[in-house]
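I opened my notebook to look up how the chains of this structure are built and where they meet. Here is what I wrote down.

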Amino acid sequence: MTATQVQPVLEVRHLSTCFKTDRGVVTAVDDVSFKLYPGETLGIVGESGCGKTVTSKSIMRLLPEHLSFQKEGSEVLFGGNNLSLASEDEMREVRGDRIAMIFQEPMTSLNPVFTVGWQLDEALGYHTTLDKAARRERAIEMLRLVEMPEPERRIGEYPHQLSGGMRQRVMIAMALCCEPDILIADEPTTALDVTIQAQILDLMNGLKQRLNTAIMLITHDLGVVAQVCDRVMVMYAGRVIESGTVRDIFHRPQHPYTKALIESIPKSGAREHGKRLPTIDGIVPSLFELPHGCRFEDRCTIGDKKCIDREPALEALDGREVRCHFPLGDAR
Amino acid sequence: MWSYIARKLLYNIPVYLGILLFLMLALRVNDPVHAFLGKNATDADILDVRAKLGLDQAFIYQYFDLLRDVLTLDFSVESWTNEGLRVSDMLKRSVIPSISITVPALVLTSIISISIALISAFFRGRPIDRTLMVMAVVGMSVSFLVYIIFGQYWGAYLLTREGSDLFAIGGFEPGLANWPYYCLLPVLISTFVATGYDTRFYRAVMVEESSRDYITTAKAKGANRRKVMFVHMLKNALIPIITRIMTTLPFLIMGSLLLEVYFNIPGMGRVLYKAIQEQDFPVVQIFVAVFAGIFIVSNILTDVLYALVDPRVRLS
Amino acid sequence: MTSTNSALGKFLSGRGMRKLRRDRMALVALAVIGVYLLLALSVGVGLLDKGDVFDRAGPDTVPGAWGVQDGEKRLTDAEFYIEQVQRAARASNAEDSLAELRFGGLRAAPGTPAEVQAQVDDAWLAFDAVAAYEELDEDPEVASLLTTLEQKVEGLYAAPTGFAGAIHSLRLSLGTDRQGRSILFRALYSTKVAVQIGIVSALISVLIGTLLGAAAGYFGGWVDHMVVWLYSTFSSIPWIVLLMVLASMFRGGPFDGTLIPVYAAFCMSFWISPCRVIRGEVMKLRELEYVQAASAIGFGRIRILLKHIIPNTAHLMFINFSLLFIGAIKAEVILSFLGLGVKNEPSWGVMINQAKAEVLNGFFWQIGAATFFMLVLVLAFNILSDALQDAFDPKHVGSQ
């Protein structure tokens, strides 16, 4: 583990985000806490709807204000401030400059009626004092950094003229052009071909090392996590249920859900031939009807009455955290 | 881009030919000569009128004659009810009155509805948005005619009775100085009615645009609310807005028929209305053919403008 | 959801319908529409007879129940009532005339013609007493004289009591138009006309539009080209002009004076909108995997069209129906104004048209009644179509 003297660049404590719906208030992110250290890649993993995207958008305060709110006591500590309580003006200074975010669908995430150059220029214009010529230079430099072929030409092109992989590179360039401390990447490769996926992940890894940016990588794909993450946090139905280093999680998962997730990754090889792909029975509980006890109980293969009655607390265990009454221990 | 325009032109030609076909058939369901001359016409009269307009020829010849007239803009045929008056003159004279109402109405309506829509979208879900939308829906549930009746009553009639002759009860005279007196009231009424519909549409466009992913990206880059709305969103929203405005263009020239009839303004709509009432066949035929032609041309122009505004279309 | 496996069953229990059922405004709107339908039906089977709608119910342009009558008006009304009785009493077969005299439930008071004439003379005296004054609204003396006059006038008639009495006050509750007819009853009758026109026009238009649109979207090729050409053509003529040309086609023909020209004009212009929408939707549905799967299994094209595709456009059909219903009602007003609409019976358009002159005299009852009745129904349909779109189209932006 890293030396304990290193301070986290981001610390989230007891973050809870709620939405107002016509069926009542629902809590999408429930008492989530974690730390992010400089230069590391933290993976946030879970099924659709588990709250991982909402967590990241809550940090950036990008959720619609009239429909959502963070519960009192939520703390998002960054640069000496609690972003949960910061004003909109203060947030705007942070966004794009100190914390940047890229999204899943590069085609719809880029504005179709402005050129790539214009959109890069915009980000630079908000957060730097460079003049027009300098901004253009920097834009081209950023495009080169993300390994975009013919950057001078791309500057004048529109998003629909680029391929999926190229668009995502533009998104990354836009996000990193002001050299932020943190890059939040929300499913950055999900919409891309597998081969392009690998390139983008490599790119992100390389950039991270060069710029010492911390990355929060949100994904449902454990394969991606294995490739690029240092630490992992597993979420389920709005809760953190396990976290630890990638090595620990993959080799000795403690929570039954994590174990089942890992087992359901398709593997190749002679031994796997003819076997059924393991899946997890059942579905995620609706956020409107959460059980009192453990949220994973109805799909879990172990556990007893205790799991139905009382929800387990997140406990530290062997240098990591698990939320389970019956963590798996060393058994595989 | 040019192939795009060529395709649009090619596509619209059969449409126009179709319009002419239906129009001519519809007008000949009841023999126009009989309808016009009435029961007491002598056979000689009938034959005479028929021959003058070529109605004694086979339909296919009539069709091509009309087509040729329209394409060469030759409207020198005479009206039946107004002896000696050529349809081309009638057309020319009626354009200005029509435009005097519709163009200012369009400008005013667009400015007001886009502004209201922006406010509504900006404060989406809050009381002011809800109020504006409720007003729009209720306003849309009342007939245009009712607005005209009350508009004329309050704007012209009441005010005149109390001595201030601000608006005419009807009629028209050309000239900029005369415009407010004759035209402002109909324009205001027209704006009042159209704003409800347009605002809802523009608001929907803006709300839809504001929920797009690139708006989130813009905010994530640090854009403030004003920048997001007026730069990112507006430019995208302009595409459907412009398209909508363009589709109302043909109606600009053709005038608001109801207003013209009610306020006795001699625009294209009223001329056509009277012609239909009086069974003035040549006028009806030419006017509708011209209307349809204007419509087709403006369709093509809309498509071209669309291509200019949306880079995705322009560069494909 | 498995109670009926039919397309209708699936539709009614689907997610869209559930969402719709939770929308309170939509339910209120549906209830209102239900009331109107019931009303139209009742009128259709004879709730109102011809007399209620076409016969005189009182003097001209009487304001409604809560209106304020000025002295001049009350005098004129009294004059009217007196004259009517007088005329009947002096007619050659006076007894019969008096017996036949009626305004709604109001009949002439019993008595021989001679007796009646005496009362009439008495009433005229009271009339003259009031008429002598110039200003009828200021003097309290005049007020009491007017009251006396009105009592005398009342004496000339036998007012209906009980249920009939209630009907009679209802009859006059919204006043009378320029021909003395009951505004309320005419407005109620117009409801039937409006609902009739709305349902027929909207239904036929949606059916034609859906069939053509589905065929165009599904079969593609020349069928598609034909349909697109057809609707491009029709939609290139401004709507009012199209209506006028179509309606004037029927002039002098066998259908002139009925509602057929109105129906024809509406259907021929309204089918375009549903056709476009359904065509677009069918084109999208055609590409869906389960449709392609059905085709791969070997289901015939007609069967796929009927069982899979059209049920999935049902919500669009409903939405278009309600939009076209609104369009038909509002267009009817315009057509009546242009002289091409409803001819031989009252409708909201007819009433609004007749009210034009009344408005200039400051009389708003007829236009108010027609507009109000129409407003409520159109508003209900507007709310319903918004709710339908919200419920079935996740991307729709309504008033939310």
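I began with chain C, where the C-alpha centres of domain 1 and domain 2 lie 48 Å apart. Domain 1 of chain C covers 3–48 + 185–397 and domain 2 covers 66–171; such bounds come from an automatic or database domain assignment.

I noted that this is a predicted model, where local features need pLDDT of at least 70, side-chain atom pairs count only at pLDDT 80 or more, and totals for chains, interfaces and linings use all residues. Residues are numbered from 1 along each chain as its sequence is written, while chains are lettered from A and ligands numbered from 1 in the order in which they are written.

Next I turned to chain B and found 15 helices and zero strands (DSSP runs: H or I of at least four residues for helices, E of at least two for strands, numbered from the N terminus). Its C-alpha atoms fill a box of roughly 85 × 60 × 35 Å along the principal axes.

How many residues of chain B are in contact with chain A? I found 18, and they meet 24 residues of chain A; contact means C-beta atoms, placed from the backbone, within 7 Å. On this side of chain B, α9(B) gives the largest share, seven residues.

Last, I looked up V288(B), which touches L23(B), I237(C), V241(C) and V245(C), leaving out residues up to four places away in sequence.

Key: Two residues are in contact if their C-beta atoms, placed from the backbone, lie within 7 Å.
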